[in-house]
Amino acid sequence: MSFGDRKSERVRMEHRREVNLVSVDGTWRRRCALLDVSATGARLDVEGTLEVLKAGEFFLLLSSTGLAFRRCKLVRVDGTTVGVRFVTESKKKKGAVGVS
C-alpha cells in the first residue's frame with residue numbers, strides 16, 4: 001500500500017518540524033520530522049533504528065513540553081519514513097446497554 005492511500009486530506013509541512021516518538025511505557029524515544037499530517041494520521045521521517053517501533057503503538061509528542069501528543073499505531077514503514085494512524089477512543093462502545 002502506498003502513502004497516497006489516505007482517508008483524510010493531509011497537510012504537507014513546508015518547514016522541518018521536529019517531533020518525538022515515545023513508547024507507551026516511556027522506555028524509548030526517537031527523534032523524527034513531521035512530513036505531513038491529517039486528522040487521522042501522519043507521515044514521519046524517523047532518526048535511528050526502527051526496531052523499537054515493532055511495539056506497534058506509541059505516542060507522537062508534538063510539543064517540547066509533552067502537552068500536545070497523539071497516541072499512534074504503526075501503519076507502514078518505507079526506509080526511514082513511517083506512516084502512523086492516530087488512535088481514538090469511540091464515544092460509545094458496541095454492545096453497551098444504557099441504563100434508564
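Tutor: Start with D36, which is buried, with a relative accessible area of 4%. Keep in mind that this is a predicted model.

Student: Which residue does D36 form a salt bridge with?

Tutor: The partner is R10, and the closest N and O atoms are 3.1 Å apart. The pair links distant parts of the chain, 26 residues apart. R10 sits in the segment before strand 1, and D36 is in strand 2.

Student: And R10, how exposed is that?

Tutor: R10 is partly exposed, at 22% relative accessible area. The cut-off for buried is under 20%, so a value of 22% does not count as buried.

Student: OK, how many salt bridges does a search of the whole structure find?

Tutor: It finds nine. One of them joins R31 and E18, at 3.9 Å from N to O. R31 lies in strand 2 and E18 in strand 1, so this pair ties together parts 13 residues apart in sequence.

Student: What are the relative accessible areas there?

Tutor: R31 has 48% and is partly exposed. E18 is also partly exposed, at 34%.

Student: Different spot now. What does E51 meet in a salt bridge?

Tutor: The side chain of K54, at 3.2 Å from N to O.

Student: Is K54 buried or exposed?

Tutor: K54 is exposed, with a relative accessible area of 65%.

Note on methods
Residues numbered from 1 in each chain as written. Predicted model: local features only at pLDDT ≥ 70, side-chain atom pairs only at ≥ 80, totals over all residues. Heavy atoms only, no water. Salt bridge = Lys/Arg side-chain N within 4 Å of Asp/Glu carboxyl O. Helix = DSSP H or I, 4+ residues; strand = E, 2+ residues; numbered from the N terminus. Buried < 20%, exposed > 50% of the residue type's maximum accessible area, 1.4 Å probe, protein only.
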